[in-house]
Amino acid sequence: GRMLDAAALCIEEAPGRMAQWQLLRCKALLAQAQARFDEAGRLAAEAFAVLAPTGHPLAPIVRSALLASMGHHIGYDAEALAANGLTQAPVDAQAVPTQGVIRALAPAWVLSQVGRLDEAASIYRSLGPVAEWRPTHHATLFAYAFGVGVAAALDASDDVASLHELLNPYRGHHVVSGSCSISYFGPVELWLGVAAAYLDQLDDAVVDLEQAMKASAVNGAAGFEVEAQYELAAVLARRARAGDPARASSLVAGSMKRASSLRMVPIAAKAARLIEELDRQASAALTPREREVADLVAQGMTNREIAVRLFLSERTAENHVQHILTKLDLANRSQIAMWIYARR
């Protein structure tokens with residue numbers, strides 16, 4: 001941000017379309033990375049308006065890439081689809097250029113995100129085997145990250161494994177174009193974690209997604225922190241070791257709250273579905289009496305008070321509470337109360 005402020009001062013001294021465009025598109029990139037989506041969209045439009053009249057080929061490319069990345073978090077509207085050359089009409093894969101890989105992967109990514117999997121598959125397969133991909137240097141990480149998402153959506157497990165291997169050397173890096181940075185797509189560990197989870201390498205996925213959360217928090221990439229939080233919750237729910245379900249419930253509740261506040265509708269919707277599934281599993285594990293006891297615990301009642309209310313012995317009430325803790329994988333009565341209130 002401070003560097004952009006300094007650049008703005010320089011541009012005031014030596015104005016020009018290209019300089020103004022560079023400043024606006026960099027500000028849009030920063031806003032997108034920090035989940036300031038309305039601002040990012042406005043700045044991207046301003047940048048396009050500055051450079052488009054010159055006919056410069058980068059004007060539409062930068063705008064379409066930014067909208068593609070934003071759409072992953074907030075959904076794709078007609079403007080975002082049109083900017084990426086997509087309409088309601090089916091896409092002719094033969095008309096999509098494959099040179100540089102990313103020019104085909106970008107529309108395939110968007111199509112996979114909006115559920116048009118047949119069209120996404122047609123474009124994706126036009127690239128040939130992953131081992132033969134030759135992405136341009138500046139778009140290598142984007143190509144591999146987009147590739148992971150598309151391959152997973154198409155259930156191309158061998159490709160996911162190959163892309164995981166290709167991404168692995170870039171741990172500690174972030175997915176961003178190396179030439180004329182266009183948009184930001186999170187830490188490499190996020191996509192390594194997504195790939196590992198798809199491949200059922202759940203322990204590896206947990207490690208990578210935890211790192212993705214930390215890296216996103218450090219650099220202020222709020223949207224990708226929320227996404228990594230959701231993905232980690234989903235992996236923990238699947239792994240289901242001691243402590244995993246309780247942690248998954250906590251993480252996904254936080255993810256849904258933050259995603260909703262940031263208008264990240266796709267992530268919020270997935271988080272809501274995971275919460276429902278965790279709730280269904282947990283509720284099914286409790287007997288009607290245990291659910292009744294859990295409600296009273298949430299009201300702050302002691303075992304003795306619960307016993308009086310339900311005409312039980314205090315020892316029986318204590319046993320019910322212990323069974324609830326064990327079945328829900330919770331540590332104490334406070335967590336029982338949190339579990340009840342989260343589902344209300």
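Student: In which loop is Asn-84 found?

Tutor: This is a predicted model, and in it Asn-84 is found in the loop between helix H5, residues 78-83, and helix H6, residues 102-113.

Student: Is Asn-84 buried or exposed there?

Tutor: The general idea is to take the relative accessible area of a residue and call the residue buried if the value is under 20% and exposed if it is over 50%. Asn-84 has a relative accessible area of 14%, so Asn-84 is buried.

Student: Which residues does Asn-84 touch?

Tutor: Leaving aside residues up to four places away in sequence, Asn-84 touches Ser-64, Ala-68 and Val-110. Leu-278 lies elsewhere, for Asn-84 and Leu-278 are 194 residues apart in sequence and 37 Å apart in space, C-alpha to C-alpha.

Student: Where is Asp-329 found, and how far is its C-alpha atom from that of Ala-282?

Tutor: Asp-329 is found in the loop between helix H17, residues 314-328, and helix H18, residues 333-342. Its C-alpha atom is separated by 9.4 Å from that of Ala-282, although the two residues are 47 residues apart along the chain.

Student: What is the phi of Phe-311, and where is its place?

Tutor: Phe-311 is not a glycine either, although its phi is positive, about 60°, and its place is in the loop between helix H16, residues 303-310, and H17. Phe-311 counts as exposed because its relative accessibility is 78%.

Student: Which residue with a positive phi follows H15?

Tutor: H15 is followed by Gly-300, whose phi is positive and near 90°. Within helix H15 itself, which covers residues 288-298, the buried residues are Glu-290, Val-293, Ala-294, Leu-296, Val-297 and Ala-298.

Student: How should I describe two helices that pack together, and at what angle do H9 and H10 pack?

Tutor: A description can give an angle, a separation of the axes and the residues that meet. Helix H9, residues 157-167, and helix H10, residues 188-198, pack at an angle of about 150° with their axes 9 Å apart, and their crossing is left-handed. From H9, Ser-157, Val-160, His-164 and Leu-167 meet a set of residues in H10 that includes Trp-191, Leu-192 and Tyr-198.

Student: How many helices and strands does the protein chain have, and what does it span?

Tutor: The secondary structure of the protein chain comes to 18 helices and 2 strands, and the C-alpha trace spans about 80 × 45 × 40 Å along its principal axes. Of the 344 residues of the protein chain, 47% count as buried.

Student: What part of the contacts joins residues 24 or more positions apart?

Tutor: Such residues account for 62% of the contacts in the protein chain with a separation of 6 or more.

Methods: Residues are numbered from 1 along each chain as its sequence is written. This is a predicted model: local features need pLDDT of at least 70, side-chain atom pairs count only at pLDDT 80 or more; totals for chains, interfaces and linings use all residues. Side-chain values use heavy atoms; hydrogens and water are left out. Helices (H or I, at least four residues) and strands (E, at least two) are DSSP runs, numbered from the N terminus. Buried means under 20% relative accessible area, exposed over 50%, partly exposed in between (1.4 Å probe, protein chains only). Contact means heavy atoms within 4.5 Å. Axes are lines fitted to C-alpha atoms, for helices over the stretch in contact, and angles run from 0 to 180 degrees between N-to-C directions. A crossing is left-handed if the near helix is turned anticlockwise from the far one by less than a right angle, and right-handed if clockwise.
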